Amino acid sequence: MFENFRVFKTEYAGREMSFEVGKMAGLANGSCLVRYGETTVLVTATASGKPREGIDFFPLSVDFEEKLYAVGRIPGSFLRREGRPPEKAILTSRVVDRSIRPLFPSDMRNDVTVVMTVLSVDPDCEPEVCGLVGASFALSISDIPWDGPIAGIHVGLVDGEIVLNPDAAQREKSEMELTVCGNAEKVVMLECGAREVDNATMLEAIKRGHAEVKKMVEFIAGVQRESGKAKCSFPSMELDHEMFEAVKEYAAD
């Protein structure tokens with residue numbers, strides 16, 4: 001029934017992470033179901049066929065959807081609906097946005113939407129990590145022009161030891177909450193909160209995180225070469241450099 005169904009598995013920070021494609025969200029440009037422990041996140045990446053009229057910026061939308069049913073709860077209010085996105089979901093969307101946005105072509109104006117829907121949560125395997133890695137996976141295998149892949153990881157400091165993707169108990173006593181996103185060559189985004197961690201420890205944590213990230217980037221790149229779609233063309237909205245230089249020469253002073 002699902003002729004194109006595939007499962008790709010790898011190890012990430014000591015735990016198995018799998019990516020299922022070809023069964024869900026078949027109309028998206030790229031999609032995957034990410035499993036990490038008992039955490040499951042559906043990630044979809046879609047793009048419009050042409051830019052909207054009058055758009056003079058790149059309209060990228062990144063949405064991290066937390067559902068109450070993912071942790072076994074059903075809304076009990078009068079309307080029995082999900083509430084507005086919590087603060088953590090908004091911040092996660094921003095982290096993913098900052099990581100993937102610079103890798104789109106600067107002259108592209110097609111609408112692009114990345115949605116990460118949390119279906120189930122294992123407290124020891126953070127869905128935020130699954131969403132970030134899944135977004136990179138979905139964009140990489142899609143036909144949307146994007147200069148990936150990247151990957152991201154959480155790094156903690158527990159009893160003086162650096163821990164990659166710490167579990168719930170380790171996060172409770174961690175002295176640092178560091179997110180490292182990068183590609184095969186360099187770190188592209190950092191976010192951190194810490195209790196006065198010294199510079200040497202922070203640098204070592206970034207290096208350890210990026211070393212693990214590079215393994216995931218290599219894995220996603222391999223899947224892209226094997227099963228990824230050819231990137232589509234798009235109408236370029238490149239700046240008219242002749243006009244820009246003429247205006248600059250005339251008006252800069």
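Is Asn110 buried or exposed? Keep that in mind while you load the model, which is predicted.

**Stop 1: the sheet.** Select strands S7, S8, S9 and S10. They form an open sheet of 4 strands, ordered S8-S7-S9-S10, and the pairing is antiparallel. Now look at the edges. Strand S8 (161–164) and strand S10 (187–194) each have a single partner strand, so one side of each has no neighbour in the sheet. From one strand to the next, the twist averages 20 degrees.

**Stop 2: the S9–S10 pair.** Select residues 176–182, which are strand S9. S9 pairs with S10 in the antiparallel sense over 7 bridges. Show Leu178 and Cys192: Leu178 stands opposite Cys192, which belongs to S10.

**Stop 3: the helices.** Select helix H1, residues 87–100. H1 packs on the sheet and touches S9 and S10. Its direction makes about 150 degrees with that of S10. Next, select helix H4, residues 199–227. H4 lies across strand S7 (151–158), S8, S9 and S10. It runs at about 45 degrees to S9.

**Stop 4: Asn110.** Go to the loop between H1 and strand S6 (112–120), where Asn110 is found. Here is the reply to the opening question: Asn110 counts as buried, because its relative accessibility is 3% and the cut-off for buried is under 20%. Show what surrounds the residue. Leaving aside residues up to four places away in sequence, Asn110 touches Ser48, Gly49, Lys50, Pro51, Phe58, Pro59, Phe234 and Pro235. Finish on Gly49: its backbone oxygen lies 3.4 Å from a polar atom of the Asn110 side chain.

Note on methods:
Residues numbered from 1 in each chain as written. Predicted model: local features only at pLDDT ≥ 70, side-chain atom pairs only at ≥ 80, totals over all residues. Heavy atoms only, no water. Pairing = 2+ DSSP bridges. Helix = DSSP H or I, 4+ residues; strand = E, 2+ residues; numbered from the N terminus. Axes fitted to C-alpha atoms, helices over the stretch in contact; angles between N-to-C directions. Contact = heavy atoms within 4.5 Å. Buried < 20%, exposed > 50% of the residue type's maximum accessible area, 1.4 Å probe, protein only. Polar contact = N/O pair within 3.5 Å; in protein donor to acceptor, adjacent residues only side chain to side chain.
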